Amino acid sequence: MEPKKNRKAEIGRNSSLYFAVSLLLILTLTYLTINYKSYAKDTIDIGQLDLDALEEEEIPITNHEVIPPPPPPPPPVVPEEIEIVEDEKEIEETVIESTETDQEEEIVEVEDVEVEEVEEDIEVPFHIIENVPVFPGCEKKKTNDKKRQCMSDKIKKFINKKFNLDLASDLGLQSGRYRISMMFTIDEKGNVVNIQARGPDPRLDKEAKRVLGLLPRMLPGKQRGRPVRVPYAFPLTFKVDD
């Protein structure tokens with residue numbers, strides 16, 4: 001008894017062959033796609049040189065300048081003839097006597113030479129001197145700082161008492177604060193010398209010098225136990241009211 005189904009109608013009969021053919025077609029199409037090249041249709045500039053577009057370069061004509069030879073050196077100067085004249089004058093030779101002494105020569109004894117000490121005017125600043133000058137009434141202060149402060153207070157009090165403050169108003173100064181810079185030197189004997197003052201008006205300077213000249217004599221400052229000159233400066237400030 002024959003089967004009813006036709007064997008040629010089976011679907012999977014030649015499946016392996018179809019698979020191989022399909023794979024070959026796919027690989028061929030892939031290879032062609034990868035290696036496919038396309039080019040632009042525009043004109044490509046290959047960098048050719050157009051000789052006709054170049055302008056002819058004009059080469060300047062150079063003239064070789066002929067340098068003249070240097071002038072010949074001047075002829076050598078012939079020295080004048082020197083005439084030698086015989087000197088008939090006799091030269092007296094100077095004889096230098098020896099200063100060495102003989103054993104028989106008596107030696108004169110020299111008396112002691114007194115050397116006079118020359119006193120020098122030495123000035124030592126007020127803030128570094130070893131022993132500051134002492135204003136009358138500040139002798140009991142023990143340290144230099146206290147003596148300096150005592151001297152400053154005494155001088156300010158003295159000037160405020162002696163200075164003519166009415167002079168500022170008589171000069172017609174406007175209201176405000178005015179300052180006079182004053183300076184003097186305390187010499188080796190304690191006297192006030194070399195008085196200087198500078199302020200807004202010469203008449204005020206004159207009044208300041210007058211008052212400083214009335215300062216009492218002080219104990220001089222000492223440096224290394226020796227009296228020295230000590231400069232002292234301070235400002236005087238006063239106020240003028242309307």
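The structure is a predicted model, in which local features need pLDDT of at least 70 and side-chain atom pairs count only at pLDDT 80 or more, while totals for chains, interfaces and linings use all residues. Residues are numbered from 1 along each chain as its sequence is written, and side-chain values use heavy atoms, with hydrogens and water left out.

**Overall architecture**

The protein chain contains four helices and five strands. Helices (H or I, at least four residues) and strands (E, at least two) are DSSP runs, numbered from the N terminus. Read from the N terminus, the order of the elements is α-α-α-β-β-α-β-β-β.

Of the 242 residues in the protein chain, 20% are buried. Here, buried means under 20% relative accessible area, exposed means over 50%, and partly exposed lies in between (1.4 Å probe, protein chains only). A contact means heavy atoms within 4.5 Å; among contacts in the protein chain between residues at least 6 apart in sequence, 67% link residues at least 24 apart.

**Surface**

The protein chain exposes about 23,200 Å², and 52% of this area is supplied by carbon and sulfur atoms. Accessible areas come from the Shrake-Rupley method with a 1.4 Å probe, and for residues only the protein chains shown count as cover.

Leu-17, Tyr-18, Val-21 and Leu-25 make a nonpolar surface patch of about 430 Å². Such patches consist of residues with over 30% relative accessible area and no salt bridge; like charges are joined within 9 Å, and nonpolar side chains (Val, Leu, Ile, Met, Phe, Trp, Tyr) within 5 Å. A salt bridge is a side-chain nitrogen of Lys or Arg within 4 Å of a carboxyl oxygen of Asp or Glu. Leu-17 belongs to helix H1 (residues 15-34).

Strand E1 (residues 176-186) and E2 run antiparallel and are joined by five bridges; two strands pair if DSSP finds at least two bridges between them. Across this pairing, Thr-185 stands opposite Val-193 in E2. The two strands form a hairpin with five residues between them, and Gly-190 in the turn has a positive phi of about 90°.

Asn-194 lies in strand E2 (residues 192-198), whereas Arg-224 is in the loop between strand E3 (222-223) and strand E4 (226-227).
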